[in-house]
There are 2 protein chains.
Amino acid sequence: MQPAMCSGKLQTGLLVAGYFVYLLVGAAVFQALERTAEKQEKIAAAQMKEAFLQSFTHLTVAEMEQFMKVTIQNGVYPVGNESQTEDSNWDFSNSFFFAGTVVSTIGYGTLHPKTAGGQIFCVFFALFGIPLNIVFLHRVGKMLSLLCKKLGKFLYEKGMRKKKIKFLTLLFFLATGILVFLCLPSLFFQITEGWSYSEGIYFAFITLSTIGFGDYVVGKQPDRIYFSYYRTLVAIWILFGLAWIALLFNLLTTVLEDTEKIIVKDLHQIGKC
Amino acid sequence: MQPAMCSGKLQTGLLVAGYFVYLLVGAAVFQALERTAEKQEKIAAAQMKEAFLQSFTHLTVAEMEQFMKVTIQNGVYPVGNESQTEDSNWDFSNSFFFAGTVVSTIGYGTLHPKTAGGQIFCVFFALFGIPLNIVFLHRVGKMLSLLCKKLGKFLYEKGMRKKKIKFLTLLFFLATGILVFLCLPSLFFQITEGWSYSEGIYFAFITLSTIGFGDYVVGKQPDRIYFSYYRTLVAIWILFGLAWIALLFNLLTTVLEDTEKIIVKDLHQIGKC
Ligand SMILES: [K+]
Ligand SMILES: [K+]
């Protein structure tokens, strides 16, 4: 076998193995972390249901309303949980927010099309919207990296060595980004949404990484009052945050690919494959 | 103002305008499509709740169970809707599936961590898992584009012109991809999940684009029997499909960026900005 071909196969094999090991380890940790808490919640829910089914013929309307409220809190947002049928989840502000979750591929899913027409339109809307969003984020990303370059130029003029400059601009990119796009917003969400700090970090990261589970969404708690422009502020945070995290993932991807190459090279020299 | 600087600003302005117009148009269409259907659903739900609250003191346990079932169908999966507390949503198969939805950034959200530990782990798991997944998909994407290159080489040897070859390989990439990753899987889901064909296309695209609303998920309907290896087959489809759609989005991004450049150039010549 030719060395180049062999090296390529080794690299692919290593990548596949690493990828699956990563997923397997992750699955095991999630299971270990979540299983017990979930079981307790299930037992409590089953007991509540049991108690309810035994006594529901004696309940008052107020108690029934309370039960429905708790049920909804444990589940998600069924369409019928707000008694006002005049309010629409598809008002323009929500529709716009939804369109944003489509093109950014965050896709929280707290709102999603249910009609066949809406679903098919959504496919075509995303087909061209996602590349458009990528072009847009490229531009924002360039603006952000320009800041880093300006810092580099400033340090170069101060007579600093190139290697040190590279390290310092990278540190600046990481530290400022983590502060501005993760830590400060989490503090902000702690105040506006009443989440814990770790929930804030979790929400911020799940949003900016475009995973978007939809378990936490901003501005959606019925018992809280939000200031006007709250959503606009969040949208700006998301736009710049998405561009920053794309740069971060780019960086990490390069690091991973370089590491892989080094490992393959080392393995080669040991085994003379 | 220097021409280059002016051109750059014009380009950015055009992009920002285009992006927001795209989102605004999308929002308007979604609203038009979804609002009426949602209102009808809300009215029906409100009537059901009304009727229930008026008569619940006369209901039998069976009727109550039926009500709960419908409520759950309209909402999502609350933890307590399965009476067996032994079964866990976090069994290994589900945990593995969840880990996959994290690193791919699909993030359906039908399963998500609720403990502080699980949430914080999820952040770090995604931080390195997403770049790893990107590296992995790069490799799969290279394999797929190799197929196109082989076709190109074959046509070149047949003495075809370069421009025609480029067009044909592109057509092959698009047609085969749409068939293999969207049309055929939708047909398959129509049979296995009982969805309509348009629902199948919608699910396939929402998954592969990594939007992942979580409104449709495979293998989760309690009243259907799935063959073993169903999920494995779906996982393979997702892996190759993600790589294919990444190539497709790359292509569309390039087309958009080129179009933008041409528009800016034309505007320049008209306005002599
Ligand atoms: K999602
Ligand atoms: K997503």
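**Exercises on a predicted two-chain model**

B:T192 is placed in helix α5 (residues 162-193) of chain B, helices being DSSP runs of H or I with at least four residues, numbered from the N terminus. This is a predicted model, in which local features need pLDDT of at least 70 and side-chain atom pairs count only at pLDDT 80 or more, while totals for chains, interfaces and linings use all residues. Residues are numbered from 1 along each chain as its sequence is written, chains are lettered from A and ligands numbered from 1 in the order in which they are written, and side-chain values use heavy atoms, without hydrogens and water.

**Exercise 1.** Determine whether B:T192 is buried or exposed, and which residues B:T192 touches.

*Solution.*
1. The relative accessibility of B:T192 is 13%, so B:T192 counts as buried (under 20% relative accessible area; exposed is over 50%, partly exposed in between; 1.4 Å probe, protein chains only).
2. Leaving out residues up to four places away in sequence, its contacts are B:R224, B:Y226, B:F227 and B:Y230 (heavy atoms within 4.5 Å).

**Exercise 2.** Identify the protein donors of the potassium ion (ligand 2).

*Solution.*
1. O atoms of T105, I106, T210 and I211 from both chain A and chain B lie 2.7 to 3.0 Å from the ion (donors are N, O and S atoms within 2.8 Å of the metal, or 3.2 Å for Na, K and Ca; water is not among the atoms, so sites may look incomplete).
2. A:T105 lies in the loop between α3 (92-103) and α4 (116-157) of chain A and B:T210 in the loop between α6 (197-208) and α7 (230-271) of chain B, so this pair joins two chains.
3. A:T105 is buried at 8%, and B:T210 is buried at 13%.
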